[in-house]
Amino acid sequence: MTKQIHRHVLNLGAGVQSTTVYLMYVASEIQPAIECAVFADTGEEPETIYRHLDWLRSLNGPPIVTVSTGKLGDDLQRGRNSTGQRFASIPAYTAAREGHKIGIVRRQCTREYKIEPIERYIRAELLGMARGQRVPNGITVFQSYGISMDEAGRSIRIRDRLADRHWLTPVFPLLDRQMTRGDCYQWLQRFGVPHEVQKSACVFCPFKSNAEWRRMRDTDPESWARAVEIDNALRVPGNVVNRNLDQKLYVHVSCVPLEKAVLGPDDDPRQYYLGLNWTAECAGMCGV
Ligand code: SF4
């Protein structure tokens, strides 16, 4: 009979839900324990997320491993992806002319900068598999995700994505406990997190509400400057990012350059959630 080996890891996005799950492991509220939490760093999170990660590490809980495949914004500007090939597109909005939105670019960044680096880490570092080597039968990696009740649909997409990986099984501790994002906030408060845990996402991620853009502009000038820089780069004529596209690309849903965009107060979530149930952080899979 094949010997069964079980390994346990967490996809840590460092936002509200996955932080709650991580701290539940720290508090031994979830069993069995994880060996590590893996944070996929696009290099483009706001400084508060990196400080929050430092704080999480200071608790001396399960090790937090950072994996990275490059700085997403730099790769976008250079017009190439992490492996030096075609760039990985972010879900930018498209317009024939300024202010007239037509659609959205297909999102490749999540897979290239989050999903794949985490899976590569699990295969190579955790399981010691060589490139292309088949994971032997009997080995199962239980991968925890911080998916809450308000975005339960994401769990179905994750299960679908992992259907062909016999060795990888997703686990959803917040769904098992029927916890919402609001419940997570309460849990974090009870735990005693000494700062506000924020949504994690690239500073220029187009899946932002006006309230989020406003907050960044008013409280985090460094992130705002980077978001404006990348937004402007998307429209530099001849940039590989927009080559062969008749339409212009924008990070703000109004399809106006971010530095000129009117940021509310009207804020219709349907404009940017786009049916993706994007209510929370990337969490190592950005809405899939
Ligand atoms: S946060 Fe947004 S831009 Fe960054 S990887 Fe996820 S979907 Fe892409």
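**Ground rules.** I am working from a predicted model, in which local features need pLDDT of at least 70 and side-chain atom pairs count only at pLDDT 80 or more, while totals for chains, interfaces and linings use all residues. I number residues from 1 along each chain as its sequence is written, and side-chain values use heavy atoms, with hydrogens and water left out.

**Overall.** I found ten helices and eight strands in the chain; helices (H or I, at least four residues) and strands (E, at least two) are DSSP runs, numbered from the N terminus. Of the 288 residues in the chain, 53% are buried, where buried means under 20% relative accessible area, exposed over 50%, and partly exposed in between, with a 1.4 Å probe and protein chains only. Among contacts with a separation of 6 or more, 72% are between residues 24 or more positions apart, contact meaning heavy atoms within 4.5 Å.

**Helix α4.** I checked the span of α4 (residues 109-126): its 18 residues at 1.5 Å a residue should span 26 Å, and the end C-alpha atoms are 24 Å apart, which agrees; the expected span is 1.5 Å times one less than the number of residues. I noted a kink of about 30° at E116, shortly before the proline P117, the bend being the angle between axes fitted to the seven residues ending there and the seven starting there. The buried residues of α4 include I115, P117 and I118 around that part of the numbering, and also C109 and L126. Just after α4, G128 takes a positive phi of about 70°.

**R134.** I then followed the loop between α4 and β6 (139-144), where R134 is placed. R134 is exposed, at a relative accessible area of 55%, and touches M129 and H166 when residues up to four places away in sequence are not counted. R134 and W167 are 33 residues apart in sequence, and their C-alpha atoms are 9.7 Å apart.

**Helix pairs.** The axes of α1 (residues 16-26) and α7 (residues 181-191) come within 9 Å and cross at roughly 45°; axes are lines fitted to C-alpha atoms, for helices over the stretch in contact, with angles running from 0 to 180 degrees between N-to-C directions. The residues making the contact include L23 and M24 of α1 and W187 and L188 of α7.

The axes of α8 (residues 210-219) and α9 (residues 221-233) come within 6 Å and cross at roughly 120°, which makes α8 oblique to α9. W213, M216, R217 and T219 of α8 make the contact with P221, S223, W224 and A227 of α9.

**Backbone geometry in loops.** In the loop between α1 and β2 (36-40) I located P32, which is joined to Q31 by a cis peptide bond with omega of about -5°. S28 lies in the loop between α1 and β2 and has a positive phi near 60°, although S28 is a residue other than glycine; at 47% relative accessibility, S28 counts as partly exposed. C255, in the loop between β8 (248-250) and α10 (269-273), is not a glycine either but has a positive phi of about 55°, and C255 is buried, with a relative accessible area of 0%.

Methods: Angles under 35 degrees count as roughly parallel, over 145 as roughly antiparallel, 65 to 115 as roughly perpendicular and the rest as oblique.
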